[in-house]
Amino acid sequence: SNWKDKTKGFFISSLLTFLAMTIILSMTMALGFIEFHVSEGYFPFTNFFQNLEFTFFAGILTYCFLALAEEMVYRGLIFRYLLKNISNLQLALIFSSLIFSLLHFDKSPLFYITAFLIGYLLALIYYRSGSLLYCISIHWTYDLFMFLGKNYLNDHLNMQSQVISGWGDYSNLVKIPFLILIIFGIHIFMKKNETKNTMKDKAIA
């Protein structure tokens, strides 16, 4: 059924996001952009099990509501409004992503670039799928991953992110090419589909 397909899609997109974030974190650490030291005799998620209530309410539920609210505003309202009134997909994607990026207040240029690309990707997924569900899933999983890393994994690894003076964390520098590759991949996929549909229409005509 449609409900089952959407639920499956939600969990698959969440799993893929978690996997992508794990790969990015591992690469960042392997490249030496995050210094870490393993605490001996300390289980990574000891605090996770000791503070399940905090994890559930402060992490899982809070970030779920935040992702829902932000996606409804940035993609559901702003992107849709721009797409309808500008009638140009690329401009709607760019302007909505700029708004999304600039309203995530930070002092780091790399953070703004990363936020812009995330906003662009989510708007593109929304345009392609016609559903906010996948955007909410990706957004929620991304924020939850950051929450778990900050509140639990960091206690075990004592992580210290390296900073490029005046630009921000190296970790964002690693995220940027990943996001660009995914965006290009979706654009290529969309282009191929458009070509196939055009050829079908010509064949029918």
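## Ser-101 in H4

Ser-101 sits in helix H4, which covers residues 89–102; helices here are DSSP runs of H or I with at least four residues, strands are E runs of at least two, and both are numbered from the N terminus. This is a predicted model, so local features need pLDDT of at least 70 and side-chain atom pairs count only at pLDDT 80 or more, while totals for chains, interfaces and linings use all residues. Residues are numbered from 1 along each chain as its sequence is written, and side-chain values use heavy atoms, with hydrogens and water left out.

With 3% relative accessibility, Ser-101 counts as buried (buried is under 20% relative accessible area, exposed over 50%, partly exposed in between, with a 1.4 Å probe and protein chains only). Setting aside neighbours within four places in sequence, Ser-101 is in contact with Tyr-112, Ala-115 and Phe-116, contact being heavy atoms within 4.5 Å.

Arg-75 is 51 residues away along the chain, yet the two C-alpha atoms are separated by 7.2 Å. Arg-75 is also one of the contacts of Tyr-126, alongside Phe-79, Arg-80, Ser-131, Leu-132 and Cys-135, again leaving out neighbours within four places.

## The largest pocket

The largest pocket holds about 1,100 Å³ of space, a volume being the space filled by probe spheres set on grid points joined across faces, edges and corners. A pocket is an open set of points on a 1 Å grid over the protein atoms alone, where a 1.4 Å probe fits, with protein on both sides within 12 Å along at least five of seven lines; lining residues have an atom within 4 Å of a point.

Its lining runs to 33 residues, with Tyr-142, Met-146, Asp-169, Ser-171 and Lys-175 nearest the centre. Elements giving at least two lining residues each include H1, helix H3 (52–86), strand S2 (160–161) and helix H7 (170–204).

## The whole chain

Seven helices and four strands make up the secondary structure, in the order α-β-α-α-α-α-α-β-β-β-α from the N terminus. Of the 205 residues in the chain, 37% are buried. Take the contacts between residues at least 6 apart in sequence: 76% of them join residues at least 24 apart.
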